[in-house]
Amino acid sequence: MIYNIFLSDYIQIGNRWYRIKLVPDIYKQEGKSVYGYTNYLAGEIIIEANLQYDHQVEVLIHEIFHVIEDLYSIAEGDETVKQCMAIGWTQVLGNLGIKFEFPEKSNSS
Ligand SMILES: [Zn+2]
C-alpha cells in the first residue's frame with residue numbers, strides 16, 4: 001500500500017515554519033556538492049529540483065535534522081551522522097509505503 005503525503009509549501013518544525021522550495025540547478029549555483037540547504041533567516045529549506053525523488057526526501061530529512069539542532073541549540077553534529085540518519089529514514093518511510101508529494105518546483109532560490 002502506498003500512502004501519499006502531500007507536503008504543503010510550509011513545514012512546521014518545533015515552533016518554526018519553513019518553506020520547502022524545490023529549486024533547479026542549485027548544485028551549479030553553489031559550485032560544489034550542494035543538493036540542499038537551509039536558509040534560517042528566510043525560513044526556507046531549499047532542495048535541488050533535478051534530484052531523483054528518493055534523494056529529495058533524503059535531503060529534506062537531512063535539512064530537518066539541521067533545523068532541529070538549531071532549534072534546540074544542540075551543537076552542530078557530525079554531517080555523516082545526519083546523512084546516515086537521513087538515508088535510513090528515507091528507506092524506512094519508503095518501505096512503509098509513505099510517499100511525499102513535494103510542492104511545485106520554484107524557479108529561484
Ligand atoms: Zn548537512
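**Briefing on the predicted model**

Asp-25 counts as exposed because 12 C-beta neighbours lie inside 10 Å; a residue is exposed with 12 or fewer other C-beta atoms within 10 Å of its own, buried with 20 or more, and partly exposed in between, the C-beta atoms being placed from the backbone. The model is predicted: local features need pLDDT of at least 70, side-chain atom pairs count only at pLDDT 80 or more, and totals for chains, interfaces and linings use all residues. Residues are numbered from 1 along each chain as its sequence is written.

**Loop residues**

- Asp-25 lies in the loop between strand S3 and helix H1 (26-30); helices (H or I, at least four residues) and strands (E, at least two) are DSSP runs, numbered from the N terminus.
- Most residues other than glycine have a negative phi.
- Asp-25, although not a glycine, has a positive phi of about 65 degrees.
- Ser-73, in the loop between H2 and H3, also has a positive phi, near 55 degrees.
- Ser-73 is exposed, with 6 other C-beta atoms within 10 Å.
- Leu-7 is found in the loop between strand S1 (3-6) and strand S2 (10-13), and it counts as exposed with 12 C-beta neighbours inside 10 Å.
- Leu-7 and Glu-104 are 97 residues apart along the chain, and their C-alpha atoms are separated by 9.9 Å.
- Not counting residues up to four places away in sequence, Leu-7 touches Ile-20, Phe-100, Glu-101, Phe-102 and Pro-103; contact requires C-beta atoms, placed from the backbone, within 7 Å.

**Nonpolar core**

- The largest nonpolar core has 12 residues, among them Tyr-18, Ile-20, Ile-45 and Phe-65; such a core is a set of buried Ala, Val, Leu, Ile, Met, Phe, Trp, Tyr and Cys residues joined through C-beta atoms within 7 Å.
- Strand S3 (16-23), strand S5 (44-48) and helix H2 (53-71) each give two or more residues to this core, and H2 provides the largest share, five residues.
- Ile-45 touches Tyr-18, Ile-20, Gly-36, Thr-38, Leu-60 and Glu-63, not counting residues up to four places away in sequence.

**Packing of H2 and H3**

- H2 and helix H3 (residues 79-95) pack at an angle of about 130 degrees, with their axes 8 Å apart; axes are lines fitted to C-alpha atoms, for helices over the stretch in contact, and angles run from 0 to 180 degrees between N-to-C directions.
- That angle makes H2 oblique to H3, since angles under 35 degrees count as roughly parallel, over 145 as roughly antiparallel, 65 to 115 as roughly perpendicular and the rest as oblique.
- The contact includes Ile-61 and Phe-65 of H2 and Trp-89 and Leu-93 of H3.

Notes
Contact = placed C-beta atoms within 7 Å.
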